[in-house]
Amino acid sequence: MIRKDIFIGMFVGLIANAIGLILAATFLGGRDDFTTVIKNAASEGFLGKLISLGAILNLAAFFIFIRKKQDYRARGVLLITVFIAVFTFVFKLF
């Protein structure tokens, strides 16, 4: 049961980050479509920042799970958030 809740939290964290990335790219990209914004962000070196902006929705998911007293699901969201932070750090180095 505990593992299942952690994996559900991880899945929710990934989905929240993906939706946040799409929203950030849409709002900050102006009139360009999503793929063009991602390609431009990668070529100009701010893709990591865009991914980090997408992780803001994980904060909302985390607090919703905490408020509902679903601590293990909140732990899964936190794990994904830490993974995304490490990924963007490594991505920025290389």
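User: Is Phe11 buried or exposed?

Analyst: In this predicted model, Phe11 has its place in helix H1. A residue is called exposed when its relative accessible area is over 50%. Phe11 reaches 54% relative accessibility, and therefore it counts as exposed.

User: Which elements give two or more residues to the nonpolar patch on the surface?

Analyst: The nonpolar patch on the surface includes Phe11, Ile15, Ile19 and Leu57, among others, and its residues together have about 890 Å² of accessible area. The elements that contribute two or more residues to this patch are helix H1 (2-28) and helix H4 (56-67).

User: Which element supplies the largest share of the nonpolar patch?

Analyst: Phe11, which belongs to the patch, lies in helix H1. With 6 residues, the largest share of the nonpolar patch comes from H1.

User: Which helix gives the most to the lining of the largest pocket?

Analyst: The lining is made up of Gly45, Phe46, Gly48, Lys49, Thr88, Phe91, Lys92 and Phe94. Helix H3 (47-54) and helix H5 (71-93) each provide at least two of the lining residues. The helix that gives the most, with 3 residues, is H5.

User: How do the residues of that lining divide into nonpolar, polar and charged?

Analyst: Among the lining residues are Phe46, Thr88 and Lys92. Phe counts as nonpolar and Lys as charged, while Gly is placed with the polar residues. The lining of the largest pocket, which holds about 160 Å³ of space, therefore divides under these classes into 3 nonpolar, 3 polar and 2 charged residues.

How values were computed
Residues are numbered from 1 along each chain as its sequence is written. This is a predicted model: local features need pLDDT of at least 70, side-chain atom pairs count only at pLDDT 80 or more; totals for chains, interfaces and linings use all residues. Side-chain values use heavy atoms; hydrogens and water are left out. Patches are made of residues with over 30% relative accessible area and no salt bridge: like charges are joined within 9 Å, nonpolar side chains (Val, Leu, Ile, Met, Phe, Trp, Tyr) within 5 Å. Accessible areas come from the Shrake-Rupley method with a 1.4 Å probe; for residues, only the protein chains shown count as cover. A salt bridge is a side-chain nitrogen of Lys or Arg within 4 Å of a carboxyl oxygen of Asp or Glu. Helices (H or I, at least four residues) and strands (E, at least two) are DSSP runs, numbered from the N terminus. Buried means under 20% relative accessible area, exposed over 50%, partly exposed in between (1.4 Å probe, protein chains only). On a 1 Å grid over the protein atoms alone, a cavity is a set of points where a 1.4 Å probe fits but cannot get out, and a pocket is an open set with protein on both sides within 12 Å along at least five of seven lines; lining residues have an atom within 4 Å of a point. Grid points are joined across faces, edges and corners, and a volume is the space filled by probe spheres set on the points.
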